[in-house]
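Reader: I have the model open next to me and would like to go through some of its contacts with you. Could we begin with the charged pairs?

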Amino acid sequence: MEVNPPKQEHLLALKVMRLTKPTLFTNIPVTCEEKDLPGELFTQLMRDDPSTVNGAEILMLGEMLTLPQNFGNIFLGETFSSYISVHNDSSQGVKDISVKADLQTSSQRLNLSASSAAVAELKPDCCIDDVIHHEVKEIGTHILVCAVSYTTQNGEKMYFRKFFKFQVLKPLDVKTKFYNAETDEVFLEAQIQNITNSPMFMEKVSLEPSITYNVAELNSVSQAGESISTFGSRAYLQPMDTRQYLYCLKPKKEFAEKAGIIKGVTVIGKLDIVWKTNLGERGRLQTSQLQRMAPGYGDVRLSLEAIPDTVNLEEPFHITCKITNCSERTMDLVLEMCNTNSIHWCGISGRQLGKLRPSSSLCLALTLLSSVQGLQSVSGLRLTDTFLKRTYEYDDIAQVCVVSSS
């Protein structure tokens, strides 16, 4: 919407036009039955219409392009481009012409003019042209302020402005979910919905991890040595459709030892989304840093480093446990192993594990067997800190499938 101040008699005229890609022209077909009064008249008119496609006149298809008639919709992440022209409509020349273009947002005012130098002279029927570009990074109301100042032949200084108001809309709705694995891996699910009125070509959706993690994308499958997207060969996202992208983040080697004692809010990374609309208009969005609340493990964390999926009935099998001191004090730990109805531990219960400093870990190789077939839970480990006389119980650590050896 254009809002102009009271008109003044100026020698110069200002014109502003948004630069966008053209759109395909579509006509509205008008048809009737052959036995109706018009007969073949409507059909013949559509065949003669240069905007229709031969053989598909009754479809809303076209081969011609039309230029935009208004500012149209501007979405967050797109590049706003505008053509500014100052024309001398009078019969006399003017001097010291200055054209300035500012973009006013809800939080800041940006200067978009390519050059701030004044033009020495502008003769009659001549013009000054400029093209401005700006990557839109805020939603809401934007006002393009174009100001022109010049000096007449009589030495009188003249000045006027024009305001062009437009709205920046949100193109995508992004929702994220975090899933914490026992192996310190973090799975990120990103749901991306197209909330515009036109389809989008999703060129790239990637996760830029923080310095703590390495990322692996889980949005493709390998077939015959080639990586194929799980969304198929056509990466189009129709209006109001949603896609789910999955990523796996693993702590880097230098941070892996500290991964088990990370507490509070941790930074994961940010999503980088690139898309194209209609005739190749490109948009790009980067989310803010994604954060997740690290799970609480208490003073002592017990995790499994290795365990078989399937074991034989009444035959010993081995597991590897990792114990991490998540507290800020040194612990003197004792390990006790308690048998259950189906799980029986092999070894000495009540053995000393020694002192474990804060943020330190130790690995234990344990042996056990199952006396019952089926899916059995590994339970019955107890850790006691002799300094505070505090016992930590660990049940349902993992599950194994027990089958008959025969």
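Author: Gladly, with the reminder that this is a predicted model.

Reader: Is E185 buried or exposed? And why does K250 count as partly exposed?

Author: E185 is buried, because its relative accessible area is 18% and the cut-off for buried is under 20%. K250 counts as partly exposed because its relative accessibility is 44%.

Reader: How many salt bridges does the count come to?

Author: The count comes to 12 salt bridges. Another one is formed by the side chains of R282 and E203, at 3.2 Å from N to O. This pair also links distant parts of the chain, with R282 in strand β22 (residues 281-286) and E203 in strand β15, 79 residues apart. R282 is partly exposed, with a relative accessible area of 48%, and E203 is partly exposed as well, with a relative accessible area of 33%.

Reader: What about D385, which residue does it form a salt bridge with?

Author: D385 forms a salt bridge with R329, and the closest N and O atoms of the two are 2.6 Å apart. Because D385 lies in strand β32 (residues 381-385) and R329 in the loop between β26 (317-325) and β27 (331-337), the pair ties together parts that are 56 residues apart in sequence. D385 counts as buried, at 0% relative accessibility, whereas R329 is partly exposed, with a relative accessible area of 24%. Salt bridges that share partners join D299, R329, D385 and R390 into one network.

Reader: Let me change topic to T196. Where is it found, and which residues does it touch beyond four places away in sequence?

Author: T196 is found in the loop between β14 (186-194) and β15 (200-209). Once residues up to four places away in sequence are set aside, T196 touches F75, P171 and P239. At 3% relative accessibility, T196 counts as buried.

Reader: And what does the side chain of T196 reach?

Author: The side chain of T196 reaches the backbone oxygen of S198 at 3.0 Å. There is also a polar contact of 2.7 Å that joins the side chains of T196 and N194.

Reader: On to the strands, then. How many residues of β6 are buried, and which strands does β6 pair with?

Author: Strand β6 (residues 79-88) is mostly covered, with seven of its 10 residues buried. Strand β2 (residues 12-18) pairs with β6 in the antiparallel sense over seven bridges, and V16 has I84 of β6 as its bridge partner. Nine bridges join β6 to β10, and these two strands run antiparallel; here the bridge partner of S82 is I132 in β10.

Reader: What else can you tell me about β10, say around V131?

Author: V131 lies in strand β10 (residues 127-135) and counts as partly exposed, at 35% relative accessibility. Together with M17 and L19, V131 forms a nonpolar patch on the surface, with about 230 Å² of accessible area for the three together.

Reader: And β12, in which sense does it pair with β5?

Author: Strand β5 (residues 74-75) and strand β12 (residues 157-169) pair in the parallel sense, over two bridges, and the bridge partner of I74 in β12 is V168. Strand β11 (residues 140-151) runs antiparallel to β12 and is joined to it by 12 bridges, with L144 standing opposite F164 in β12.

Reader: How many residues are there between the strands in the hairpin of β11 and β12?

Author: That hairpin has five residues between the strands, and G155 takes a positive phi near 85° there.

Reader: Last one: where is C401 found, and which residues is it in contact with?

Author: C401 is found in strand β34 (residues 398-403) and counts as partly exposed, at 31% relative accessibility. Leaving aside neighbours within four places in sequence, C401 is in contact with D309, T310, V311, G374 and L375. The C-alpha atoms of C401 and P22, which are 379 residues apart along the chain, are separated by 63 Å.

Definitions and conventions
Residues numbered from 1 in each chain as written. Predicted model: local features only at pLDDT ≥ 70, side-chain atom pairs only at ≥ 80, totals over all residues. Heavy atoms only, no water. Helix = DSSP H or I, 4+ residues; strand = E, 2+ residues; numbered from the N terminus. Buried < 20%, exposed > 50% of the residue type's maximum accessible area, 1.4 Å probe, protein only. Polar contact = N/O pair within 3.5 Å; in protein donor to acceptor, adjacent residues only side chain to side chain. Contact = heavy atoms within 4.5 Å. Patch = residues over 30% accessible without salt bridge, like charges linked within 9 Å, V, L, I, M, F, W, Y side chains within 5 Å. Areas by Shrake-Rupley, 256 points an atom, 1.4 Å probe, with all protein chains shown as cover. Salt bridge = Lys/Arg side-chain N within 4 Å of Asp/Glu carboxyl O. Pairing = 2+ DSSP bridges.
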